[in-house]
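Have the sequence open beside the picture as you read.

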Amino acid sequence: MEQAPSFNANPILGPIITGAVLSGVLYGSATVQAYLYYQRFPRDNWKVKSLVAFQITIQTIHLAFMIAGMWVMVVTDYADPQELSVLPKPTVVTIILCSPIALAVQGYFVLRVYRLSEQPLLLLLGGLLAVSKCTLHLVFGVAAYIVRDVVPLVQNWGWCITGFLVLSISCDTLIATALSHHLKLRKTGFDRTSRVIDRMIMYTLATGLITSATELAEAICFWTMDYNYVWMGLYVVESGLYTNSLLAALNSRTLFNRLRNSEVPLELGFSPRGSETAGSSYRDQKTPQPILISVTHETVSSQVDGVPLSPVPDK
């Protein structure tokens, strides 16, 4: 009772609650995007459809365990500050579930980079980073399930947290830069095709930098803020960002296909010289005659599992 007034739960419960709320928002966004994906692309490869179903299923389980863990910390153990330093078992399960979610998304984008670049080195490097990150992630999850006390867990397994964060940032950065570089190489002299590729590059950089920036912020908080849960609040949001980046990349094809296949009507008016014919009046010669020209850029697309990567002009 004497320690209760001096106990400050803000740096412990605040990040967990905030992270859980943001995870719920990201889950809702992912659910809507998954529904739109199945509605718009019913003919996609079954592997891509299975990947989307896997992401939504794991995210649902992840959110359920996150809410259960938050209930233990906020309601069950709130009266005992000492228990707040012990991770509830549902929270540990969410740590373990984050690993396959990130691996599936990073693996998909690494394969996408390989199909676009046709460079085995990128496939090997990206795959090595993704698998190594997943391995360290699982090791930390198992350690958290055994230890559960945050203080010895961070002291003894902090290197594991640092390792999988660095590997994850490196993998996401590699994917974003490699995709952007090889998309830029697909540029042609066609203005419309170049504009579509420019938008794809910007979209790729934006989605890749969101996950990388979140992980970087998580690493900085972990290194500089000892024995609080600010880094964990960012950590629980991470899996939702991966799922949404995957679904956003799949659904963005609607916009890119619309831009790629659009027709551009051009109306040109002019009065040709020296084209006077018998029976034509001077007034008829002075009146511009509009000519309607319909210009269509016919393109073919490089695809990965039915996902267009970049439009290329038909030769």
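Predicted model: local features only at pLDDT ≥ 70, side-chain atom pairs only at ≥ 80, totals over all residues.

## What "buried" means here

A residue counts as buried when its relative accessible area is under 20%, and as exposed when that value is over 50%.

## The overall layout

The chain has 9 helices and 4 strands. Going along the sequence, the order is α-α-α-α-α-α-α-α-β-α-β-β-β. Of its 315 residues, 43% are buried.

Side chains of opposite charge can pair when their charged atoms come close. This structure holds 1 salt bridge, and the partners are Lys133 and Glu238, at 3.7 Å from N to O. It links distant parts of the chain, with Lys133 sitting in helix 4 and Glu238 in helix 7, 105 residues apart. Both partners are buried.

Glu238 belongs to helix 7, which covers residues 230-251. Its relative accessibility is 5%, so Glu238 counts as buried. Beyond the residues within four places in sequence, Glu238 touches Leu165, Ser168, Glu215 and Glu218 as well as Lys133.

Now for Asp172, in helix 5. Asp172 is buried too, but it has no salt bridge. Which side chain of opposite charge is nearest to Asp172, and how far away is it? That would be Lys133, at 7.3 Å.

What Asp172 does have is a polar contact with Tyr242, side chain to side chain, at 2.8 Å. Setting aside the residues within four places in sequence, the contacts of Asp172 include Gln106, Gly208, Thr211, Ser212 and Glu215, along with Tyr242.

## Helix 5 itself

Helix 5 runs over residues 150-185, and it isn't straight: there is a kink of about 70° centred on Trp157. At the start of the helix, a side-chain oxygen of Asp149 comes to within 3.3 Å of the backbone nitrogen of Val151.

## Aromatic pairs

The count of aromatic pairs comes to 7. One of them is Tyr37 with Phe41: the ring centres are 5.9 Å apart and the planes sit at 35°, so this pair is tilted. Tyr37 and Phe41 are both buried. Ring pairs also bring in Tyr38, giving a cluster of Tyr37, Tyr38 and Phe41.

Another tilted pair is Phe140 with Phe164, at 6.1 Å centre to centre and 50° between the planes. Phe140 is in helix 4 (residues 120-147) and Phe164 in helix 5, so the pair ties together parts that are 24 residues apart in sequence. How accessible are these two? Phe140 has a relative accessible area of 2%, and Phe164 comes in at 0%, so each of them counts as buried.

Technical notes
Residues numbered from 1 in each chain as written. Heavy atoms only, no water. Helix = DSSP H or I, 4+ residues; strand = E, 2+ residues; numbered from the N terminus. Buried < 20%, exposed > 50% of the residue type's maximum accessible area, 1.4 Å probe, protein only. Lys, Arg positive; Asp, Glu negative; His and termini not counted. Salt bridge = Lys/Arg side-chain N within 4 Å of Asp/Glu carboxyl O. Polar contact = N/O pair within 3.5 Å; in protein donor to acceptor, adjacent residues only side chain to side chain. Contact = heavy atoms within 4.5 Å. Phe/Tyr/Trp six-rings, centres within 6.5 Å; stacked < 30°, edge-to-face > 60°. Bend = angle between axes of the 7 residues up to and from the residue.
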